[in-house]
Amino acid sequence: MQINSNYLNLHDSYLFSTIARKVSEYKSKYPDKDIIRLGIGDVTLPLCEAVVNAMQAAVSEMGTQEGFKGYGPEQGYDFLRSAVKDYYKNRGVVLEENEVFISDGAKSDLGNILDIFGLENTVLIPDPVYPVYVDTNIMAGRKIIYMNANEENGFLPMPDLDVKADIIYLCSPNNPTGAVYNKDQLKAWVDYALSNKVVILFDAAYEAFIQDKELPRSIYEIDGAKQCAIEFCSLSKTAGFTGTRCGYTIVPHELVYENTSLNKLWLRRQTTKFNGVPYIIQRGAEAVFTEEGQKQIKENINYYLENAKIISETLSDLGIWFVGGKNSPYIWLKCPNNMTSWEFFDYLLENANVVGTPGEGFGKNGEGFFRLTCFGKREDTITAMRRISRIKFE
Ligand SMILES: Cc1ncc(COP(=O)(O)O)c(C=O)c1O
């Protein structure tokens with residue numbers, strides 16, 4: 001018996017455990033200090049009423065002889081696939097229902113999609129980025145190359161014609177940087193992918209945070225994208241489903257490589273290895289796409305975006321460089337006075353009792369940067385910014 005030795009090549013992630021250790025050490029030294037966490041990547045507002053009602057009704061239905069459901073379709077129930085299809089249609093993107101695959105969240109699908117690609121492919125991943133892209137490819141033993149996201153390119157790397165890759169990851173709005181590609185930039189990526197016959201894995205987990213009408217919320221708003229991109233979406237941050245678990249992945253029929261439809265391969269993969277998302281959850285997810293549900297989730301998103309605005313305004317007043325915070329829940333700031341990410345972490349913890357996430361944990365280009373999120377409570381966000389405004393950065 002041999003293990004998958006690729007796992008031995010994974011780097012241990014000390015990011016969140018180190019944060020937890022540092023905070024608990026500080027707390028045991030200063031038990032009276034009120035520590036505010038603005039580093040969390042999880043939502044804090046509860047599920048909206050429309051979702052709760054729909055799930056409760058589905059629970060009751062499951063308790064009746066007529067309404068009981070056993071195994072459901074692996075790709076998701078038609079009612080939810082159709083709701084997702086209509087959601088795209090409202091933004092001018094026409095999909096077929098069987099191009100929509102319901103999932104238990106974007107993270108699983110981002111990892112699982114790799115099953116349908118050969119191991120010989122080279123993947124191109126931005127640095128810094130959501131660590132799942134890197135780790136899932138290390139597990140599979142694929143060659144990874146990186147593209148630099150940095151202050152010069154506004155943390156939005158563009159195609160480099162000299163770089164040869166087969167699979168490209170793009171994440172917009174980005175975690176951890178909050179940067180969002182505009183239509184021209186995404187078009188450059190789509191054109192590059194089409195002319196090099198590569199596939200783009202487009203992570204749109206934070207699309208619902210985009211407020212600017214000019215910014216694309218789906219890569220399919222760009223002509224030609226259906227021939228080169230798979231899109232991953234999630235209700236986690238959109239509708240507070242981080243613990244409830246539901247997302248969707250779009251695999252267009254036009255995606256054909258080596259005379260083979262990726263939609264067919266993904267369907268085969270899913271029907272073999274996945275048994276679908278629970279009926280009750282899918283009914284809750286369906287409610288997100290109703291008029292009432294959309295109104296209610298938008299109230300929550302607006303609450304978070306207002307927090308982001310409060311953070312952004314404080315940083316602007318302090319003259320601290322940052323991206324994100326406008327069409328995204330993340331604010332990515334440059335550590336003042338050339339501090340390293342961890343130096344700034346300690347500085348903020350000690351001087352403002354505020355906890356954020358050191359950028360270094362998301363890739364080498366994250367060194368010297370720091371992530372704050374808007375998922376905290378309003379009062380905490382205001383207090384944290386007041387404290388940060390008072391500290392001296394000389
Ligand atoms: C960029 C990005 N993609 C995907 C996910 C995973 O989302 P889900 O909760 O749907 O698995 C996250 C979660 O933090 C994320 O930041």
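The model is a predicted one, in which local features need pLDDT of at least 70 and side-chain atom pairs count only at pLDDT 80 or more, while totals for chains, interfaces and linings use all residues. Residues are numbered from 1 along each chain as its sequence is written, and side-chain values use heavy atoms, leaving out hydrogens and water.

An unreviewed UniProt entry places the feature "domain: Aminotransferase class I/classII large" at residues 33–387. UniProt positions follow the numbering used here, feature names are shortened, and annotations may be inferred rather than shown by experiment. The span 33–387 is 37% helix and 17% strand, and its end C-alpha atoms lie 13 Å apart. Helices (H or I, at least four residues) and strands (E, at least two) are DSSP runs, numbered from the N terminus.

Now to the ligand. The space it takes is the largest pocket. On a 1 Å grid over the protein atoms alone, a pocket is an open set of points with protein on both sides within 12 Å along at least five of seven lines, where a 1.4 Å probe fits, and lining residues have an atom within 4 Å of a point. A molecule sits in a pocket if more than half of its atoms lie within 2 Å of its grid points.

Which residues surround the ligand? Of the 14 around it, N175, D203, Y206, S234 and S236 come nearest; a residue is near if one of its heavy atoms lies within 4 Å. By class, this shell has six nonpolar, four polar and four charged residues. Here Ala, Val, Leu, Ile, Met, Phe, Trp, Tyr, Cys and Pro count as nonpolar, Asp, Glu, Lys and Arg as charged, and the others, Gly among them, as polar. Helices α4 (106–112) and α7 (236–239) each supply at least two residues of the shell, and the largest share, three residues, comes from α4.

An oxygen atom of the ligand lies 2.9 Å from a polar backbone atom of K107. A ligand oxygen is 2.6 Å from a side-chain N or O atom of Y206, and a ligand oxygen is 2.6 Å from a side-chain N or O atom of S236. Taken alone the ligand exposes 390 Å², of which the protein buries 91%; such areas come from the Shrake-Rupley method with a 1.4 Å probe.

Finally, some loops deserve a visit. The loop between β5 (167–171) and α6 (183–196) holds N175 as well as P176, and the peptide bond from N175 to P176 is cis, with omega near 20°. Another cis bond runs from D127 to P128, with omega near 5°. P128 is in the loop between β3 (122–127) and α5 (132–140), where Y130 also lies. Further along, N338 is in the loop between β12 (330–334) and α11 (341–352). The phi of N338 is near 55°, a positive value in a residue other than glycine.

How values were computed
Polar contact = N/O pair within 3.5 Å; in protein donor to acceptor, adjacent residues only side chain to side chain.
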